[in-house]
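Here is my note on the model you asked me to look through. Please keep the structure open while reading.

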Amino acid sequence: MIQRPRRNRKSVAIRSMLSETQVKVNDLIYPLFIVDGNNIKDVIPSMPNIFRWSIDLLLKEIEDCMNLGITNFVLFPALEDKLKDKTATYSYSNENFYLKAISLIKKAFPECCLMSDVAMDPYSSDGHDGLVKNGKILNDETLPILAKMSIAQADAGIDIIGPSDMMDGRIGHIREALDNNGHQEVSIMSYTAKYASAFYGPFRDALDSAPKSGDKKTYQMDPANKREALIEAELDTIEGADFLMVKPALCYLDVIHSLKSNMELPIAAYNVSGEYAMIHAASEKGWLDYNTTFNESLLSIKRAGADVILTYFAKDFAKRKMI
Ligand code: PBG
């Protein structure tokens with residue numbers, strides 16, 4: 001035999017010299033859940049080691065993460081039902097604890113990169129990402145609400161706006177609203193190809209944000225479709241997005257690869273709550289090894305073409321790198 005591919009796998013030194021893909025802590029964005037109040041660290045049963053934090057404890061958690069080298073965070077609010085209404089007014093109210101948290105975090109850690117969530121569902125009594133009328137999710141009527149929410153977050157000091165709602169035209173609408181309000185430097189990471197996935201279950205437990213009726217299939221994408229992701233990617237690019245995101249990640253590695261091959265903007269992937277819960281559940285049963293399985297998952301997402309990964313594994317990944 002002249003060709004023996006195994007020669008290039010014969011030692012740790014050669015294998016690491018030839019390793020094609022590396023995940024760095026800097027590639028990762030760590031999602032964090034915030035609740036109003038003090039001294040709260042609520043357990044989320046379907047997401048082990050992920051908590052709903054009140055802002056005082058969240059600041060300590062962020063400091064802990066920064067000491068591990070994590071600099072990027074995405075924040076999600078968990079609201080009491082009494083603050084929710086049909087038009088998500090709390091999302092841009094002066095009283096909003098989420099907006100206060102953004103300001104406090106940026107004041108305490110100006111060097112961190114903070115990303116927001118822009119969608120109606122955490123604030124909506126209907127639990128949908130858009131306005132609901134007669135059982136329909138209205139598109140154009142939702143856009144001004146998303147714009148107001150984005151401006152309020154930008155005023156609070158957010159670095160990256162994360163529209164996760166999948167309404168048509170929202171990137172252009174938000175970009176224009178930000179620019180008209182002096183926020184030309186605030187970036188937009190579009191949830192470009194967000195699928196109507198069953199893997200968001202634990203996240204909806206965490207925020208109590210499941211739709212009260214119907215499902216999200218008229219706005220989130222059909223898991224069967226790949227070419228449709230390119231239509232969304234082209235529109236988001238034209239409308240002014242700075243990053244394009246695919247979500248979930250692991251069942252959609254082909255979509256990540258397609259966007260990476262066809263588009264010039266940085267590609268992000270959201271390694272979602274269900275993907276996190278599966279590995280935890282199997283490793284608790286002793287059926288999978290936690291550290292090697294999550295590492296392999298992150299590696300595969302990076303190899304598929306993601307430049308950035310939003311992942312609940314960020315802290316465990318950073319801890320392992322410190323050892
Ligand atoms: C909603 C939103 C969802 C997630 C992020 N933003 C859930 C949904 O669309 O119902 C899911 C994240 C995860 O599962 O980790 N705007």
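Predicted model: local features only at pLDDT ≥ 70, side-chain atom pairs only at ≥ 80, totals over all residues.

1. Residues are numbered from 1 along each chain as its sequence is written, and side-chain values use heavy atoms, with hydrogens and water left out.

2. Helix α2 spans residues 55–67 and helix α3 residues 97–108; their axes come within 11 Å and cross at roughly 35°. Helices are DSSP runs of H or I with at least four residues, and strands are runs of E with at least two, numbered from the N terminus. Axes are lines fitted to C-alpha atoms, for helices over the stretch in contact, and angles run from 0 to 180 degrees between N-to-C directions.

3. On the α2 side, Ile 55, Leu 58, Leu 59 and Ile 62 meet Ala 101, Leu 104, Ile 105 and Ala 108 of α3 (contact means heavy atoms within 4.5 Å). These residues comprise 8 nonpolar, no polar and no charged. Nonpolar means Ala, Val, Leu, Ile, Met, Phe, Trp, Tyr, Cys and Pro; charged means Asp, Glu, Lys and Arg; the others, Gly among them, are polar.

4. Helix α3 also packs with helix α4 (residues 143–156), where the axes come within 8 Å and cross at roughly 30°. Tyr 98, Leu 99, Ile 102 and Ser 103 of α3 touch Ala 152, Gln 153 and Ala 156 of α4. Here the classes are 5 nonpolar, 2 polar and no charged residues.

5. The structure has 14 aromatic pairs. Rings of Phe, Tyr and Trp (its six-membered ring) pair if their centres lie within 6.5 Å; planes under 30 degrees apart are stacked, over 60 edge-to-face, and the rest tilted. Tyr 195 and Tyr 252 are stacked because their ring centres are 4.2 Å apart and their planes at 20°. Tyr 195 is in the loop between β9 (187–194) and α6 (201–207), and Tyr 252 in the loop between β10 (243–247) and α8 (253–262), so the pair ties together parts 57 residues apart in sequence.

6. Is Ile 171 buried or exposed? Ile 171, in helix α5 (residues 170–180), is buried, at 0% relative accessibility. Buried means under 20% relative accessible area, exposed over 50%, and partly exposed in between (1.4 Å probe, protein chains only). Beyond neighbours within four places in sequence, Ile 171 contacts residues including Pro 163, Ile 188 and Asp 236.
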